[in-house]
Amino acid sequence: MGAGIASALANRKKLYKGVNPSKCVTGGAAPAMKLGLKTVMIPADGAAEPAARCLADGGLVAFPTETVYGLGADATNARAVARLYEAKGRPSFNPLIAHVSDLHAARQIAHFDDKSLRLAEAFWPGPLTLVLPKIAGCPVSDLATAGLETVAVRIPAHPAARAILHAFGKPVVAPSANISGHVSPTTADHVFGDLAGRIDLIVDGGPVAVGVESTIVGCFNTSLLLRPGGLPREDIERVLGEKLARIPEDAGAADAQPLAPGMLASHYAPRARVRLNVDTLEAGEALLAFGPDTVPGSERAIVMNLSEAGDLVEAAANLFGYLRDLDAKAPPAIAVMAIPYEGLGEAINDRLQRAAVPRS
Ligand code: TXA
Ligand code: MG
């Protein structure tokens, strides 16, 4: 690893001046292609300037947000966005979220009406994404918005993300920093495992706080909940003074140009089969538990408990990491105990249902 770091630094003297990488690798274990890039991992402290330079050079930078790690590219650079799709192995009809540093920057790309402004003021920075009409001449590349007339915008709260966005000064598109279809990363090591050799830089800010992606609200004539996420629906409805409508069931079909195309049926997929709402465990299954109770058959099983106290915030933070850990043991199936639907439970159940969609 030492020689790898030395040669990466030699190649990137300009980019990472004064920064000590903690990890560096060439190649990649990921399927489909080997992009053969040197991926450097650096600590979040002092990362803003090198990260901004890398983005300005058209590079791909993974960085922590409060929800999950994002894989960032310059939103205005179609070539960088194309590289990002390639690195993720992501279907290109899937539009991306433009991350900006403040409301002023958000208004350079999207139109806000009274309602969206209320939401922005109440919840930004934070785990909320607003889908809004683009302004005329919106600089976000058409590739990033999949040619839609709307753009998804978010101001993340994580200090490392904010520092990078501030230093870069332009919108950054950032899907979750995983190979398309894998579970979203909540640590820098998850990112490294998926994307080493396929991206330029990983900014390590430790484990994230929220653990599920942002809640996405479509600000149309009716306000739509496009994706439940890290901000509970109830909080949004309180500020809006009205209920959020859910998107129609078929809007996420893979062959449509859907409202929230990222809601592909099996978007959060461990390799193991996933069985939900279990009250007994079958032979060989691993158990993803929740709350103080246990289920018959778990005595000899691998068990991870999302939150023994039954705390949904703790459960959300643990969800993707525990799914990865259980999947790594290669059980025939991961059995999941029932999780209540209130608060963050809506987002947790949504991700689990996607993980449980049968795959060929
Ligand atoms: O928490 C998050 O939101 C994370 C962090 C990194 O910020 N990002 C994230 O991005 O989850 P991604 O690409 O995995 O999910 C983006 C979602 C997709 O479901 C996509 O379809 C939806 O946003 N989206 C983006 N633009 C849209 C648009 N114009 N209309 C409707 N949905 C849109
Ligand atoms: Mg994702």
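Because the model is predicted, local features are described where pLDDT is at least 70 and side-chain atom pairs only at pLDDT 80 or more, while totals for chains, interfaces and linings use all residues. Residues are numbered from 1 along each chain as its sequence is written, and chains are lettered from A and ligands numbered from 1 in the order in which they are written.

## Overall picture

The chain holds 10 helices and 16 strands; these are DSSP runs (H or I over at least four residues for helices, E over at least two for strands), numbered from the N terminus. Of its 360 residues, 52% are buried. Here a residue is buried if 20 or more other C-beta atoms lie within 10 Å of its own, exposed if 12 or fewer do, and partly exposed in between, with C-beta atoms placed from the backbone. Two residues count as in contact if those backbone-placed C-beta atoms lie within 7 Å. Among contacts with a separation of 6 or more, 66% link residues 24 or more positions apart.

## Two helix pairs

Two helix pairs are set side by side below. Axes are lines fitted to C-alpha atoms, for helices over the stretch in contact, and angles run from 0 to 180 degrees between N-to-C directions.

| Pair | Axes come within | Crossing angle |
|---|---|---|
| α9 (residues 312–328) and α10 (residues 345–355) | 9 Å | roughly 20 degrees |
| α2 (residues 48–56) and α6 (residues 159–168) | 8 Å | roughly 55 degrees |

With axes crossing at roughly 20 degrees, α9 is roughly parallel to α10. On this scale, angles under 35 degrees count as roughly parallel, over 145 as roughly antiparallel, 65 to 115 as roughly perpendicular and the rest as oblique. The α9 and α10 crossing is left-handed, a term used if the near helix is turned anticlockwise from the far one by less than a right angle, with right-handed used if clockwise. On the α9 side, L312, A315, A316, L319 and L323 make the contact, and on the α10 side G345, A347, I348, R351 and A355 do. Sorted by class, these are eight nonpolar, one polar and one charged residues. In this sorting, Ala, Val, Leu, Ile, Met, Phe, Trp, Tyr, Cys and Pro are nonpolar, Asp, Glu, Lys and Arg are charged, and the others, Gly among them, are polar.

Within α10, the buried residues are E346, A347, I348, R351 and A355. They pack against α8, β13 (273–275) and α9.

For the other pair, a crossing at roughly 55 degrees makes α2 oblique to α6, and the handedness is right-handed. From α2 come A48, E49, A51, A52, L55 and A56, which meet A163, I164, A167 and F168 of α6. This contact has nine nonpolar, no polar and one charged residues.

## Two sides of helix α5

Helix α5 (residues 114–123) has S116, L119, A120 and F123 as its buried residues. They lie on the same side of α5 because they cover an arc of only 100 degrees around the axis, where the arc is that of the directions from the helix axis to the C-beta atoms. An α-helix has 3.6 residues a turn, so residues three or four places apart point the same way. D114 and E121, on the other side, are exposed. The cover over the buried residues of α5 includes α4 (103–107), β6 (128–133), β10 (215–219) and α8 (233–240).

V68 sits in the loop between β3 (61–64) and β4 (69–74) and is buried, with 28 other C-beta atoms within 10 Å. Beyond its neighbours within four places in sequence, V68 is in contact with S176, S184, P185, T186, V208 and E213. Its C-alpha is 8.7 Å from that of P207, which is 139 residues away in sequence.

P43 belongs to strand β2 (residues 38–43) and is partly exposed, with 16 other C-beta atoms within 10 Å. The C-alpha atoms of P43 and D204 are 4.7 Å apart, although 161 residues separate the two along the chain.

## Backbone points to check

Most residues other than glycine have a negative phi, and most peptide bonds are trans. W124 and P125 are joined by a cis peptide bond, with omega about -5 degrees, and P125 lies in the loop between α5 and β6.

N277 has a positive phi near 50 degrees. N277 lies in the loop between β13 and β14 (286–289) and is exposed, with 12 C-beta neighbours inside 10 Å. A330, also not a glycine, has a positive phi of about 55 degrees. A330 is in the loop between α9 and β16 (333–336) and counts as exposed, with 9 C-beta neighbours inside 10 Å.
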